[in-house]
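Open the structure in your viewer and keep the selection tool ready.

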Amino acid sequence: MRLSLPLAVLFAMSFNLSAAEAPATGKTALVIHGGAGFVPMQSITPSERKAYHEALNRALDAGNAVLSRGGTALDAVTAAVVVLEDAPQFNAGKGAVFNAKGGHELDAAIMEGHTRRAGAIAGVTTIRNPIKLARTVMEKSPHVMLAGEGAEAFADEHPDIQRVPNSYFDTDKRLEQLKRAQAKEAKEAADGKRQAFDGTLDPPTYLGTVGAVALDSQGHIAAATSTGGMTNKKWGRVGDAPIIGAGTWADERCGVSGTGWGEFYIRNAVAHDICARVAYRGDSLEDAANEVVNKIVTKAGGDGGAIALDRDGNIAMPFNSGSMFRGWIKPDGSRGTAIHEGE
């Protein structure tokens with residue numbers, strides 16, 4: 001006996017199948033970044049360049065080790081970002097920039113695409129690896145984001161979260177950046193060039209973040225981002241990195257970690273916009289990422305970059321800031337790291 005289903009039911013079934021998470025294909029992929037910004041090629045010494053590439057490769061190795069043994073995308077991005085947070089070369093964890101008071105305030109977020117679970121923390125000062133606390137917020141609290149003293153108090157309840165004095169994050173390189181930024185600010189004030197806020201912003205003195213997006217063998221995607229924010233930031237400023245949809249996003253089709261001038265990534269919901277173009281308009285990942293980063297953000301007055309990955313293992317890494325520290329492992333096993341355009 002042959003059964004027939006109403007057209008509406010067939011349509012609903014077709015829609016649900018297309019919207020469901022991707023079937024497991026066994027393929028894996030990983031893409032990471034260590035921040036976008038204007039870092040002239042000649043300003044990096046050979047030894048510094050070597051250290052950057054070594055740190056990026058360590059992060060790729062850590063994330064890929066998880067994926068290679070059948071682990072989850074969530075574990076892979078956590079492992080990769082922890083390595084980047086521990087590397088003093090990048091503006092996250094150990095290498096975080098200084099705020100205006102001479103301290104460090106750290107932000108991070110993580111998201112699992114097929115479940116839409118997410119966790120974020122902002123303005124923490126004693127968490128060695130902020131990405132671990134963001135994941136703990138996701139897994140062990142009813143909330144998505146915790147900030148400042150509240151996030152630190154939540155960490156007190158979880159002894160597996162390693163605490164450090166704020167001075168742990170100090171590096172000479174970032175201190176020099178703070179001194180230059182404050183000297184410039186003082187000179188502008190003395191010259192009467194700085195005026196009341198009129199809706200515009202001065203370009204940040206340093207753009208930097210770290211992040212990772214992974215596809216695991218089950219077809220699941222996760223994204224994670226961690227940052228020390230903006231050099232000489234004031235008033236507890238928080239950028240896009242810990243804001244779900246702005247600097248971090250993952251769904252069943254696509255994942256993004258952004259790096260750039262956070263105010264513009266927040267205003268344009270950059271990470272979500274890239275994946276929405278893939279989901280709703282059918283754009284390729286490359287087209288979606290390039291359109292948002294290199295047209296939407298720049299038209300608004302910002303700059304930066306992003307890494308993106310879809311469920312087919314396609315990778316996009318657009319940036320418009322002169323450089324973006326980045327690394328990748330494609331489904332075919334090919335891999336690389338790069339800093340400047342054309343690499």
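How many residues does helix H3 have, and what distance does it reach from its first C-alpha to its last? Select residues 73-86 to find out. This is a predicted model, and in it helix H3 has 14 residues and reaches 20 Å between those two atoms. The span is close to the 20 Å expected at 1.5 Å a residue.

H3 is mostly covered, with 11 of its 14 residues buried.

Now zoom out to the whole chain. Show it as a cartoon and you can look for 9 helices and 12 strands. Of the 343 residues in the chain, 54% are buried. The chain exposes about 15,200 Å², and carbon and sulfur atoms supply 55% of that area. Consider also the contacts between residues at least 6 apart in sequence: 69% of these join residues at least 24 apart.

Next come the salt bridges. The count for the model is 19.

Select Asp156 and Arg163 and show their side chains. They meet in a salt bridge, at 2.6 Å from N to O. Asp156 is exposed, with a relative accessible area of 56%, whereas Arg163 is partly exposed at 31%.

Move to helix H6, residues 172-191, and pick Glu176 and Lys179. Where do these two residues lie relative to each other in the helix? Lys179 and Glu176 are 3 residues apart in H6, and so are separated by about one helical turn. An α-helix has 3.6 residues a turn, so residues three or four places apart point the same way. Lys179 forms a salt bridge with Glu176, and their closest N and O atoms are 3.9 Å apart. Lys179 counts as partly exposed, at 46% relative accessibility. Glu176 is partly exposed too, with a relative accessible area of 39%.

Then select Arg281 and Asp283. Their closest N and O atoms are 2.9 Å apart, and the two residues form a salt bridge.

For the last stop, select Asp75, Arg135 and Glu139 together. Salt bridges that share partners join these three residues into one network.

How values were computed. Residues are numbered from 1 along each chain as its sequence is written. This is a predicted model: local features need pLDDT of at least 70, side-chain atom pairs count only at pLDDT 80 or more; totals for chains, interfaces and linings use all residues. Side-chain values use heavy atoms; hydrogens and water are left out. A salt bridge is a side-chain nitrogen of Lys or Arg within 4 Å of a carboxyl oxygen of Asp or Glu. Buried means under 20% relative accessible area, exposed over 50%, partly exposed in between (1.4 Å probe, protein chains only). Helices (H or I, at least four residues) and strands (E, at least two) are DSSP runs, numbered from the N terminus. The expected span of a helix is 1.5 Å times one less than its number of residues. Contact means heavy atoms within 4.5 Å. Accessible areas come from the Shrake-Rupley method with a 1.4 Å probe; for residues, only the protein chains shown count as cover.
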